[in-house]
Amino acid sequence: MQADILIRNVHLATLADAAGYGEVHAGALAVHAGRIAWLGRESELPATLQAAQEVDAQGGWLTPGLIDCHTHLVYAGSRANEIEMRWAGAAYEDIARAGGGILSSVRATRAASATALQAAATPRLRALMRDGVTTIEIKSGYGLETATEIRQLQVARALGLACGVRVRTTFLGAHALPPEYAGRADDYITLLCEEMLPAVHAAGLADAVDGFCEGIGFSPAQTLRLFAAAQALGLPVKLHADQLSDLSGAALVAGCGGLSADHMEYTSTASVAAMAKAGTVAVLLPGAFYCLKETRLPPVAALRAAGVPMAVSSDCNPGTSPGTSLLLMLHMACTLFGLRAEEALAGATRHAARALGLQSETGCLRAGLSADLALWAINHPRDLVCEFGHAPRVASWCCGRALDA
Ligand code: NIG
Ligand code: FE
């Protein structure tokens, strides 16, 4: 049996089972042709195994590479001033209605070249990679016009090539109403459906379509029109749902067979039931909850009881979650939302993969899956969630290729 890499003297947290970490103590894992070729107890390594390279993990822990399944990583400018305004008492929605918020980032992003956007986003991606991220979803949504949306998505793809991680791109043209369409939201949705989305799709730049269904975003009816256009092109859908109010967004995206409903602070139990029925993943975003000083909690107990998979993501964006530590988000998901540590880690691996439709490719340690791995100097996988600020990553691999973070 041939292997390109054999990682030995390692404990495995496979995250492959419905509960727990899937611990294999004193284990080993072999990689061949970018895939996990074998894993198990080191004492049971096949005698015929020949490895081109051996990695002595010195008793560390190997987990699936982490997956950040909801980010707005590619943007220009800063909204630090708005964060200070909120600390002084201003509301996120009021800042948005006054032309700040998302539209402030739209102005900066429209004015930025692809080179400038990539230079701005690279340190954010590197920081996430130092937290063990090997797959990341990156949305557009700070262009709100065809050329800039395409530029954002091209930069997202270029980042994946430059840094070696797997990037999934999401078209979020329905993030906010651009100033040119003020008072004409239905016309903007028509533009999205008839021009922008087909152009992005023709360029092969979108793996999925997202929207912001909210009082300061788009209505359920407008969201449904967008989703119909996406599905006519064969693109999966997901939604910023029920973040600031309950518009039954989670039920809407579940009703469309969508990949995920994201945020979900105001999601009702009826919507949770719709998600369970459809197999739609709940993406919890504690960074935005924290940064907006929200008090309304996502319905974690109801999601758990209904068996809805819960993912956890950074929501990295300049306005509501200006951070680049997925491990910190796992800690916050437990402290703020009441997840258990093993649920949080599954939320950044197995369930995050499902939220991107990648569950047959990555998200746990299993023979045949992509060799997306993170090696940590920790005593137990719970340490990744319970502690923060330590950067315990020793190494990581995407498709069997070592990443340089
Ligand atoms: O996920 N809610 C809408 N979208 C982002 C915020 C984007 C922004 O404020 O720039 C979010 O929180
Ligand atoms: Fe978001």
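User: How many salt bridges are there between domain 1 and domain 2?

Analyst: This is a predicted model. Its domain assignment gives domain 1 as 2–64 + 365–402 and domain 2 as 66–355. A salt bridge requires a side-chain nitrogen of Lys or Arg within 4 Å of a carboxyl oxygen of Asp or Glu. Between domain 1 and domain 2, the count is one salt bridge.

User: Which side chains meet in a salt bridge at 2.6 Å, with one of them being Arg 166?

Analyst: Side chains of opposite charge can pair when their charged atoms come close. Here the N to O distance is 2.6 Å, and the partners are Arg 166 and Asp 372.

User: Which elements give two or more residues to the side of domain 1 that touches domain 2?

Analyst: Between the two domains, nine residue pairs are in polar contact. On the side of domain 1 that touches domain 2, the elements giving two or more residues are strand S4 (50–64), strand S13 (373–376), helix H15 (382–386) and strand S14 (393–398).

User: What area do domain 1 and domain 2 bury between them?

Analyst: The contact draws 26 residues from domain 1 and 22 residues from domain 2. By class, the domain 1 side has 17 nonpolar, four polar and five charged residues. Carbon and sulfur atoms carry 65% of the buried area, which is about 1800 Å².

User: Which residue has a polar side-chain atom 2.8 Å from a nitrogen atom of ligand 1?

Analyst: There are 15 residues around ligand 1, and those that come nearest include Arg 79 and Tyr 92. Oxygen atoms of the ligand lie 3.4 Å from a polar side-chain atom of His 72 and 3.1 Å from a side-chain N or O atom of His 240. The polar side-chain atom at 2.8 Å from a ligand nitrogen belongs to Gln 243.

User: How many residues apart in sequence are the parts that Glu 42 and Arg 8 tie together?

Analyst: The structure holds 18 salt bridges, and Glu 42 forms one with Arg 8, with the closest N and O atoms 2.6 Å apart. Glu 42 lies in the loop between strand S3 (35–41) and S4, while Arg 8 lies in strand S1 (residues 2–13), so the pair joins parts whose separation in sequence is 34 residues.

Methods
Residues numbered from 1 in each chain as written. Chains lettered and ligands numbered in written order. Predicted model: local features only at pLDDT ≥ 70, side-chain atom pairs only at ≥ 80, totals over all residues. Heavy atoms only, no water. Domains from an automatic or database assignment. Contact = heavy atoms within 4.5 Å. Buried area = accessible area lost by both parts, 1.4 Å probe. Polar contact = N/O pair within 3.5 Å; in protein donor to acceptor, adjacent residues only side chain to side chain. Helix = DSSP H or I, 4+ residues; strand = E, 2+ residues; numbered from the N terminus. Nonpolar A, V, L, I, M, F, W, Y, C, P; charged D, E, K, R; others polar. Near = heavy atom within 4 Å.
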